[in-house]
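Reader: I'd like a quick tour of this one. Can we go step by step?
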Amino acid sequence: MARASAKVREKARELFLTGALESNAEIAKHVRVKPHTVGQWRKEERWDELRLHIDRKAAEKMAEQIASDRVAL
């Protein structure tokens with residue numbers, strides 16, 4: 001069985017981290033690999049933790065923007 005390329009793996013990670021697709025099965029279908037493969041990548045690279053970190057940073061940035069906008073008023 002051929003291994004998925006790094007580009008396929010990167011695309012799968014992007015789909016998950018951006019929230020474009022949620023489940024391993026959806027991502028796997030999109031990038032044409034098995035859901036188990038996506039699950040392995042997700043676990044090895046800690047995608048869930050990365051996504052939480054990204055979401056937290058986005059929330060902090062939004063809060064800063066709101067505070068800045070209020071000061072400007």
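Author: Start with a definition: helices (H or I, at least four residues) and strands (E, at least two) are DSSP runs, numbered from the N terminus. Arg51 sits in helix H4, residues 47–72.

Reader: Where does this model come from?
Author: This is a predicted model: local features need pLDDT of at least 70, side-chain atom pairs count only at pLDDT 80 or more, and totals for chains, interfaces and linings use all residues. Residues are numbered from 1 along each chain as its sequence is written, and side-chain values use heavy atoms, with hydrogens and water left out.

Reader: How many helices and strands does the protein have?
Author: Four helices and zero strands. Along the sequence, the pattern reads α-α-α-α.

Reader: Is the protein a compact globule or more spread out?
Author: More spread out, because its radius of gyration is 16 Å, well over the 11 Å that the globule rule gives for 73 residues. That radius is taken over C-alpha atoms, and the rule is 2.2 Å times the number of residues to the power 0.38. The C-alpha atoms fill a box of roughly 60 × 20 × 20 Å along the principal axes.

Reader: Back to Arg51. Buried or exposed?
Author: Buried, with a relative accessible area of 16%. Buried means under 20%, exposed over 50%, partly exposed in between (1.4 Å probe, protein chains only). In the protein, buried residues make up 19% of the 73.

Reader: What is Arg51 in contact with?
Author: Leaving aside neighbours within four places in sequence, Arg51 is in contact with Phe16, Leu17, Gly19 and Glu22. Contact means heavy atoms within 4.5 Å.

Reader: New topic. At what angle do H1 and H3 pack?
Author: About 75 degrees, with the axes of H1 (residues 6–17) and H3 (residues 35–44) 11 Å apart. That makes H1 roughly perpendicular to H3, a label for angles of 65 to 115 degrees. Axes are lines fitted to C-alpha atoms, for helices over the stretch in contact, and angles run from 0 to 180 degrees between N-to-C directions.

Reader: Which residues meet there?
Author: Val8, Arg9, Ala12 and Phe16 in H1 meet Trp41, Arg42 and Glu44 in H3.

Reader: And the largest nonpolar core, how many residues make it up?
Author: Twelve, among them Ala12, Phe16, Val31 and Trp41. Such a core is a set of buried Ala, Val, Leu, Ile, Met, Phe, Trp, Tyr and Cys residues joined through side-chain atoms within 4.5 Å. H1 gives the largest share, four residues.

Reader: What does Val31 touch?
Author: Beyond its neighbours within four places in sequence, Val31 is in contact with Val8, Lys11, Ala12 and Leu15.

Methods
Angles under 35 degrees count as roughly parallel, over 145 as roughly antiparallel, 65 to 115 as roughly perpendicular and the rest as oblique.
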